[in-house]
Amino acid sequence: MTSSTALLTDRYELTMLAASLRDGTASRPSVFELFSRRLSGGRRFGVVAGTGRLLSLVRDFRFGDDELRFLRDNDVVDAASLRYLEDYRFTGSIRGYREGELYFPGSPILTVEGSFADAVVLETLALSVLNHDSAVATAASRMSIAAGERPLAEMGSRRAAERSAVAAARAAYIAGFRSTSNLEAGRTWGIPTMGTAAHSWTLLHDSEEEAFRSQIESLGTDTTLLVDTYDIPTGVETAIRVAGTGLGGVRIDSGDLPTVAAAVREQLDALGATETRITVTSDLDEYAIAALAASPVDAYGVGTSVVTGSGYPTASMVYKLVARQDATGSWIGVAKASADKASHGGRKAAFRRLEDGVATAEEVLVADGFEKLDGPASSVGGRPLQVTFIDHGEIDSAHEGAAGTASAREHHLRVREELPVRALALSKSDPAIPTVYIDVE
């Protein structure tokens, strides 16, 4: 295994590259756009996530000896293509929505500009990252909204592939979760980590009391004890007897959670443990969290639903050529016209129209040539949505790493306040705001 990300791609990207080198179109200036035609699952908004990861992966998109040998041995591309790939570095530019930003159908989430050869090979990688991370972030944001001020912990590593689990933890954190159980996510992205014990810890010992005493001796009284291995009322009584009324918390992982949480709160208060927190887990999603809004719950732990996008594991984004130069050097907009898969050609500038701080529309200016957008874009009201991530091959590292992740989280929590009230509902519906295209002549 190498650090190269170049083969995290589909074969047809390279066969198109080879054909374009052969017919002379490889160097033709082109603009690709990553967007979503619709929001998955009737969601009312989407959340952009994965951009910071993608930039780091683009930095490592290099064809070393191992990658070139594989392509040659498997007759993937011809000799001319191998020579091109040997020196490949993305030298174009990438602009797009900041990570953590909200998006809607047709939002130009990412714009990749460069030669056709430069840009086409990034399609699979860009879609792989943003489709996964944005699906997780969108689900996580809905859960965060349902939870209100109560903290959410991501604990879905065992329900995802090992690297996807790390990416999912990051996406959930950007969208409002406060911590993760995944240590690699903590190390790589600076996300606070959490975790105490599973049911196996209690089952290991001869009694529940023995297990609780050992955990308290190891982690202190501020730990959280899992009280539902056997009988919940007995578990709560044992937990307080062992730890005292200063016990940090108890966790409930089974049963009818609203009913059980109310009974546990009543029991804790009767025992004098009025400050002991209640955390609930047990296959939570945004709907279960919303149903617990009136219950005496202090925190939630979410696993399967968040790392799988709560039933929609992809954001259904696509990567399409939207503008290119013709043989004379003039820019022309191009678009797919297939039924139900039509797209809007042309380069775009996007703005969020706001009234009294509330989003009312996604306004997208469209033009064939770049220069046509400069004047109109500067005079349009609303909040500009696009920033530059890569400028002629130079990556803005501010969007990467732990610092970039923290910045994306701050941005998301800030712009989420712009959503109209109807966007906060969990039922399926149309997007919260319309996407309006404005052609610039």
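**Ground rules.** I'm working with a predicted model, where local features need pLDDT of at least 70 and side-chain atom pairs count only at pLDDT 80 or more, while totals for chains, interfaces and linings use all residues. Residues are numbered from 1 along each chain as its sequence is written, and side-chain values use heavy atoms, with hydrogens and water left out.

**Whole chain.** I looked up the secondary structure and got 16 helices and 19 strands; these are DSSP runs numbered from the N terminus, H or I of at least four residues for helices and E of at least two for strands. Along the principal axes, the C-alpha atoms fill a box of roughly 85 × 55 × 35 Å. I then checked burial: 53% of the 441 residues count as buried (under 20% relative accessible area, 1.4 Å probe, protein chains only).

**Helices α2 and α6.** How do α2 (residues 51-59) and α6 (residues 123-147) cross? Their axes come within 9 Å at roughly 155° (lines fitted to C-alpha atoms over the stretch in contact, angles from 0 to 180 degrees between N-to-C directions). I therefore put them down as roughly antiparallel, the term for angles over 145 degrees.

Who touches whom? From α2 I listed Thr51, Arg53, Leu54, Leu57 and Val58, and from α6 Leu125, Ala126, Val129, Leu130 and Asp133; contact means heavy atoms within 4.5 Å. By class, I noted seven nonpolar, one polar and two charged residues in this contact.

Terms used:
Parallel < 35°, antiparallel > 145°, perpendicular 65-115°, else oblique. Nonpolar A, V, L, I, M, F, W, Y, C, P; charged D, E, K, R; others polar. Buried < 20%, exposed > 50% of the residue type's maximum accessible area, 1.4 Å probe, protein only.
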